[in-house]
Amino acid sequence: MPRDGLMTTQQVLARFSAGPASGVFTDGSCYGNPGPGGWGAVRVRDGAILDERHGSHPSTTNNRMELEAMIAGLEMIDPSEAEDVYSDSDLVVRTLNEWAAGWERRGWKRRAGPVKNLDLVQRAWVLAQERPHIRIRWIRAHDGARWNEYADALATAYLRDAV
């Protein structure tokens with residue numbers, strides 16, 4: 001099932017150097033949508049890895065994996081710390097920065113219908129609210145930012161059977 005062009009974390013480190021050198025970087029992946037998927041998160045400071053996590057699910061969606069990655073990334077941060085948390089999922093960034101507060105006020109309902117992936121949205125929202133000094137920021141996918149590419153390599157590890 002592995003796809004061509006997927007890099008290991010070591011290949012990413014050897015190839016990329018651009019982008020922010022500090023923060024938490026999260027990414028999700030899905031082979032098919034739905035299909036088998038994975039997620040990855042890495043926390044770095046001044047280019048040094050402080051923590052990394054990844055996981056996979058046999059049948060899921062890309063959005064669920066992006067949210068799982070964000071949850072793992074937020075869990076790496078102590079509530080008293082200030083940190084930038086990056087995701088290349090505009091949906092995840094906008095969910096936590098713009099929409100979740102209103103959904104919570106309306107009993108976790110959207111004007112257009114139910115909130116998708118509500119279980120993960122609520123977990124991510126609680127974690128974000130418990131960390132008032134974080135900033136959740138969007139980063140362009142596959143644009144050569146070293147640590148976003150690294151998170152992608154963690155998220156796709158399930159396709160390579162190795163990190």
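Helices here are DSSP runs of at least four residues, numbered from the N terminus. Keep that in mind for the pocket below. The model itself is predicted.

Five strands build an open sheet, and their order is 3-2-1-4-7. The pairing is mixed. Strand 3 (48-60) and strand 7 (134-138) are the edge strands, each pairing on one side only. On average, neighbouring strands of this sheet are turned by 15° against each other, direction ignored.

Now look at one pair. Strand 2 covers residues 35-45. Strand 2 pairs with strand 3 in the antiparallel sense, over ten bridges. Which residue stands opposite Gly40 in strand 3? That residue is His54.

A helix joins the picture. Helix 5 (residues 146-155) packs on the sheet. Helix 5 touches strand 1 (23-30), strand 2 and strand 3. The direction of helix 5 makes about 140° with that of strand 2.

Next, turn to the empty space. Rolling a probe the size of a water molecule over the atoms shows where such space is left. The largest pocket has a volume of about 240 Å³. Which elements give two or more residues to the lining of the largest pocket? They are helix 2 (62-75) and helix 3 (90-105). Helix 3 supplies the largest share of the lining, five residues.

What lines this pocket? Among the lining residues are Asn63, Leu67, Trp99, Trp103, Arg110 and Lys116. Val115, Asn117 and Val121 also belong to the lining. By type, the lining of the largest pocket divides into seven nonpolar, three polar and two charged residues.

Note on methods: Residues numbered from 1 in each chain as written. Predicted model: local features only at pLDDT ≥ 70, side-chain atom pairs only at ≥ 80, totals over all residues. Heavy atoms only, no water. Pairing = 2+ DSSP bridges. Axes fitted to C-alpha atoms, helices over the stretch in contact; angles between N-to-C directions. Contact = heavy atoms within 4.5 Å. 1 Å grid on protein atoms, 1.4 Å probe; cavity = no way out; pocket = protein on both sides within 12 Å on 5 of 7 lines; lining within 4 Å. Points joined across faces, edges and corners; volume = space filled by probe spheres on them. Nonpolar A, V, L, I, M, F, W, Y, C, P; charged D, E, K, R; others polar.
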